[in-house]
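Subject: Structure handover

Dear colleague,

Here is the structure for your files. My notes on what was found in it follow below.

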Amino acid sequence: MKKSLISIALTAALLTACGGEQPTPPAKASTPAAQPVVAKAELGTFGIDLSARNEAIKPGDDFFMYTSGTWFDNFEMPADKTRYGAFSVLAERSEEQVKAIIDDIASRTELTADEQLIADFYHAYMDTDTINKLGITAIQPTLDQINDIKNTDDLTKVFGQAWLTGASSPIGGGMWFNRLDPDQYEMTIGAGGLGLPDRSYYLEDSERFSTIRDAYVEHIATMLAYAGIKDGQQRAKAILALETQIAEGQWPREKRRDRDLTLNQISRSDLAKTYPGFNWDLFFEQTGYQVPQLNISQPEPVNAMIGLVNNSDLAVWKDYLTFHTITNNAELLSEDIFNQNFAFFGKTLNGQEEPRPRWKRAVEQMSGTQSLGFAIGKVYVERYFPESSKHQMAELVENLRTALGQRIDGLDWMGEETKVNAHAKLAAFTPKIGYPDVWQKYDGLSLKKDDLVANIAQLRQYFQDDSVANELKKTDRNRWGMTPQFVNAYYNSSFNEIVFPAAILQPPFFDPNADAAVNYGSIGAVIGHEMGHGFDDQGSKSDAHGIQRNWWTDADRAAFEAKADMLAQQYSQYEPLPENFVNGRNSLGENIGDVGGLSMAYHAYKLSLNGKEAPIIDGTTGDQRFFMAWAQVWKEKRTEQSMLSQLRAGTHAPGRYRALAPRNHDAWYKAFDVKPGDKLYLPEDQRVRIW
C-alpha cells in the first residue's frame, strides 16, 4: 500500500503516476498520406469511442465530459478499484497476459532457471494455507530485533536495514545517478517515514483529515495487537504524534521537486560534521555501500529527523518500527493481517471496496524491476509485442523530434544562444521503445515454493547486492526503470532518455490501424509529453548530456518561468473536491509536459498530412479527432478518497483536468467553435504557449 523511501528516490518523471553513446540527430518527419476510414481499428471505426461522448455538453464548457461523459455517467467502478480509465484497461489486459504466461510456465515440468523462479514465486504467493499457518511468525526475527533495541545505535541499525526488512525509517534513500556526472552512481539521502500519503494528512485540521487520523490510530492499534501489544490505543496515539513531528520536519512536495534545492552533494568525510548526531558509519554498514560521496536531497529535514531520533522516546520508536514492519509486510502475511491492513489503506484511505484478486496481487509483486519483472517481460515481448509496433513507434518519435525542433526555431520568447543548447539537448534524446536491449540476469538467485516472505527477502538482498557491486562502476545506460508489461512511460533526465514500455503501445494510446490524427493525439502527445519533461521547469535544468547546469540566458529563463507561473495558476484553479484544489505548482512539470506535448504532436500531425486536408470521418474533422483522442486517453473515474490522495500526494493533475490541456491551443478553439462565454474559454493572452 505504501512506497518505501528507496522506491520514491528512484522514481523518474512518469507519464502517470516519466544510453546515448552518440547523440541521435533529428530525422525528417515522415509524410504518410492522411488515412481513410480503417475498419480494423480497435475502437470505433477510426480509433476513438464516439459512443463515450455526451454531445449535450458543449466542448467549450467541459471537454472531458463532452468526450467521455456518457461513459463517465454510466460506468460503475469495479469494487477492487479506486480509479478506472484508459490506463486501467491496458493494465488489466497486461495482467491477463502475464497470468497466461505464468499459468503456462506452472503447467510444465521442464523449466529454464528463470522459469523456475517464476513458478516457485507464484506458487509461494498463492499458497495461502502455508501463509495463514505462519501468520505473524513469518516476520518474527525482525520484530524480535526491534523489541531488543536498547539504544540509538540499535535503532540506527534497524533503520539501515529497513529496505531489506520492510520496516520504515525517517532517514533513508537509495542509489541513483550523480546529477553532475551521470556516468557515476551516487547515494541520495532524504527524509521519509510517514504512514499516510502526505504531510498534509497530519497537519491540516479539516474534518476530512481529522477523521482519517482517528481511523489511522485505530488501525495502528489493531496491527500492534498482532505483535502481542495489548495497550495499543495509547501507544498508537504516540506513534501518530511522532509521525506528525516527522511531517512537520519535512518539506512540502512542491519544494521537494525543486532540483536546485535538492542538489546538495557532500563527501562522506564531511557528512558527520554537517549532519551531526547520527551514526552514519553504522547506518551505511547495514547496506554494504561504500558511499564515498552522496547527495542530501533535503538538508533541513534530514537534520530535523536526526533530532527526532535522538530526542524522541526510544519506546515510541520501537512501537513505530513494529507497526510499520507489520503493515508494510501485510501483503505477504496471513489473510487476517492482510484484510485488516486493507480495511484502512484500501477502504478507508482510498475508497476501495474489496481487495484485488490474489492472482492479480501476485502478478503485481512479480512484475516490478526489483522482482522477476524482466524475466516475465522477456516472454511478454515475445508473445504480445510485434516488432512492427517498435518500428512505427520509432518513426513517430523522430517525427515528434522534428516537430519540436521546428517549434524551438519559432519561439519568440527564446534567444538564439539558448536555442542552440535546446537543439543540442533535443538531438541527444535517446528513445527506448518496448523492451531493453540487454535483459536483467538472475544468476545465483534461488526461491522457494513454500516461503513467500523468504522469497521477498531473497529478492531484496539480490538486488541490494547487485547495486553494491556496481556502486563504483560506470552507470549502466541499458538499465530500464520499468518492465515491458508495465503501462506507463517516463523521462530520465540523467540519461536524457525517453522510455516507452511495450504495454502502453496499444489502443487507445497506439493503434497501427487507427486514423493518423488519433495516433498523433494519443501516443504522439504521450511522446511529446515525455520529451517535454526534458524542457519542463525541472528537466530543463539538465543539459544534453544529463548534467544539471544552467544552459539558459537569464532573460530566457525569466521568460520561461513567467509562462510556467501562468500555467501553475491556471491548474491551481481546478477544484476536484470542495476546498481541495489541484496543486498547480507541484504538478507543473506534468502540466508543461501535457500542454507542450500536445503542441509538438499537433505540429507533427500537420507535417504528416504533407499539405493536404485531413478527411472527414464519421462527421469529425482531423483536428477534432486529434483533440478527442487526447481527452479520451485521460478519461477516468475515481473514488473521492483516491482523488484526495492524488491531489495531496501525486505529481499529476487528475485525468479529467489533464483532458483540458487543449484550452491552451488555438486550434482547439477553431475545431470545436469555442467562444467567449464558454466555461473553458481563455483569452489569447491567457493561453500558455511554451513549447
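Strand β9 (residues 497–501) is largely enclosed by the rest of the structure, because 5 of its 5 residues are buried. Please keep in mind that this is a predicted model. In a regular strand, side chains alternate between the two faces of the sheet. In β9, E497, V499 and P501 point one way, while I498 and F500 point the other way, and all are buried.

β9 has two pairings to note. Strand β7 (residues 430–434) pairs with β9 in the parallel sense over 5 bridges, and P431 has I498 of β9 as its bridge partner. Strand β8 (residues 490–492) runs antiparallel to β9 and is joined to β9 by 3 bridges. Here Y491 stands opposite I498. β8 and β9 form a hairpin with 4 residues between them, and N496 in the turn has a positive phi of about 50°.

Two helix contacts were also found.

Helix α20 (residues 387–409) packs against helix α25 (residues 588–608) at an angle of about 105°, with the axes 8 Å apart. The two are therefore roughly perpendicular to each other. From α20, N399, L400, T402, A403, L404, Q406 and R407 meet S599, M600, A601, H603, A604 and L607 of α25. That contact has 7 nonpolar, 5 polar and 1 charged residues.

Helix α10 (residues 207–225) and helix α16 (residues 314–328) cross at roughly 85°, and their axes come within 9 Å. That makes α10 roughly perpendicular to α16. Y216, H219, I220, M223 and L224 of α10 make the contact with D319, T322, F323, H324, I326 and T327 of α16. By class, these residues divide into 6 nonpolar, 4 polar and 1 charged.

Regards

Methods
Residues are numbered from 1 along each chain as its sequence is written. This is a predicted model: local features need pLDDT of at least 70, side-chain atom pairs count only at pLDDT 80 or more; totals for chains, interfaces and linings use all residues. Side-chain values use heavy atoms; hydrogens and water are left out. Axes are lines fitted to C-alpha atoms, for helices over the stretch in contact, and angles run from 0 to 180 degrees between N-to-C directions. Angles under 35 degrees count as roughly parallel, over 145 as roughly antiparallel, 65 to 115 as roughly perpendicular and the rest as oblique. Contact means heavy atoms within 4.5 Å. Ala, Val, Leu, Ile, Met, Phe, Trp, Tyr, Cys and Pro count as nonpolar, Asp, Glu, Lys and Arg as charged, and the others, Gly among them, as polar. Buried means under 20% relative accessible area, exposed over 50%, partly exposed in between (1.4 Å probe, protein chains only). Two strands pair if DSSP finds at least two bridges between them.
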